[in-house]
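Q: Could we go through this structure together? I would like to understand its parts step by step.

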Amino acid sequence: MNASDHKLARALCETVVVLIIGLLAGFSNNALSSRSIPLVGRWDKAYGAPSPGGAHDATRGNIEIDGGEALRLFQEGAIFLDARPAEPYAERHIRGAYSLPEKQLAAQMEELLAMIEGDRKAVVYCQSMECDEAHLLARALREAGIREVFVFAGGMKEWEAAGYPVEKSVATTVPLIKPAAPPES
Amino acid sequence: MKHGGSQLLNQSTVLILRLFLGALFIYASLHKLGDPVSFSKIIYGYKILPAWAVNLAAIVLPGVELIAGVFLVLGLLSRGASLTITLSLGVFICSLAYNLWRGLEFDCGCFSFAHSPRGAAADLLIRDLVLLALGLRVVFARRYACSLDWLFGLERGGKCFARD
């Protein structure tokens with residue numbers, strides 16, 4: 001073995017040692033983290049919205065429905081809530097859906113609870129399988145006492161691809177997030 | 001005397017690069033270590049790893065970044081630490097280039113979880129190529145000045161800056 005072979009062998013040995021210590025550091029950090037994840041996540045879209053799984057999973061406890069079920073609830077008159085930000089909502093949304101960006105939920109909760117009265121079911125959605133606003137909103141709604149909340153996991157992307165009814169932001173939808181109105185006299 | 005001067009310059013350059021790359025990797029690892037949930041989503045967004053490997057990568061990668069960074073700053077197993085950093089930069093570069101080539105939009109997640117602006121992938125690629133070149137310079141250094149390797153006798157020479 002010449003000098004350069006020896007140097008290369010030592011460099012590789014050192015790399016293996018660094019990698020093993022790094023691996024242990026990574027696992028220890030995850031075990032102690034308040035945002036820890038399980039070793040294997042739920043990233044396969046065949047089983048619903050992809051997520052890391054575990055205690056901090058946004059999808060935990062929510063009921064996901066597919067496009068067919070969402071259409072059935074749409075025809076039954078369920079209330080649809082669009083959890084995306086205001087701009088994509090204004091551009092296009094499921095016909096009759098209300099805009100409720102997940103981050104603005106706290107400000108809108110009373111208004112919303114008054115609207116979802118009795119046995120009316122709520123369907124929440126965001127852009128596609130890969131957004132988690134709908135899941136976060138669904139969880140918040142369940143925690144607020146609304147029992148029949150469903151997450152349409154495929155979201156706007158699947159709805160549009162199926163050719164189901166959509167609309168632009170028009171006056172008839174009365175979004176929860178309204179433009180500032182002039183003060184009443 | 002001239003020869004000794006160039007050795008000193010070389011060793012100083014490697015020392016500065018070691019400290020810079022090490023500190024950069026430590027900094028880059030911290031937000032990932034603090035939030036494995038968000039980092040796993042970033043890794044998923046690259047759409048490269050199979051479903052079963054996403055969480056494992058999100059758990060292991062920040063740990064390796066941190067340890068390689070700390071070791072490089074301290075000068076402990078310097079060649080191994082710099083080779084680890086260079087290899088991980090190689091992996092980032094391949095992932096970035098692959099996604100740039102197939103036109104996939106994704107978040108880098110390199111230094112924060114804030115959404116990166118569109119078209120930023122090409123800039124990232126150039127930045128990582130520069131870092132890769134710097135990393136290779138450290139991997140192929142003749143010796144590591146002022147390092148723990150030197151203190152523990154893993155490096156030859158009897159001074160912080162040694163002559164051959």
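This is a predicted model: local features need pLDDT of at least 70, side-chain atom pairs count only at pLDDT 80 or more; totals for chains, interfaces and linings use all residues.

Q: Which strand of chain A pairs with β2(A) over four bridges?
A: Strand β5 (residues 122–125) of chain A pairs in the parallel sense with strand β2 (residues 79–82) of chain A over four bridges. Strands here are DSSP runs of E with at least two residues, helices are runs of H or I with at least four residues, and both are numbered from the N terminus. Two strands pair if DSSP finds at least two bridges between them.

Q: And which residue is the bridge partner of Leu81(A)?
A: The partner of Leu81(A) is Val124(A), in β5(A). β2(A) also pairs in the parallel sense with strand β4 (residues 98–99) of chain A, over two bridges, and there Asp82(A) stands opposite Ser99(A).

Q: Changing topic: how many residues does the contact take from each chain?
A: Chain A gives 28 residues and chain B gives 28 residues. The chain A side that touches chain B divides into 15 nonpolar, nine polar and four charged residues. Ala, Val, Leu, Ile, Met, Phe, Trp, Tyr, Cys and Pro count as nonpolar, Asp, Glu, Lys and Arg as charged, and the others, Gly among them, as polar.

Q: How many helices are there in chain B?
A: Chain B has six helices and zero strands. Of its 164 residues, 39% are buried; a residue is buried if 20 or more other C-beta atoms lie within 10 Å of its own, exposed if 12 or fewer, and partly exposed in between, with C-beta atoms placed from the backbone.

Q: What about helix α2(B): how many of its ten residues are buried?
A: Seven of the ten residues in helix α2 (residues 36–45) of chain B are buried, including Phe39(B), Ile43(B) and Tyr44(B). After α2(B) comes Lys47(B), with a positive phi near 50°.

Q: Last one: why does Glu64(A) count as partly exposed?
A: Glu64(A), in strand β1 (residues 63–65) of chain A, counts as partly exposed because it has 18 C-beta neighbours inside 10 Å.

How values were computed. Residues are numbered from 1 along each chain as its sequence is written. Chains are lettered from A and ligands numbered from 1 in the order in which they are written. Two residues are in contact if their C-beta atoms, placed from the backbone, lie within 7 Å.
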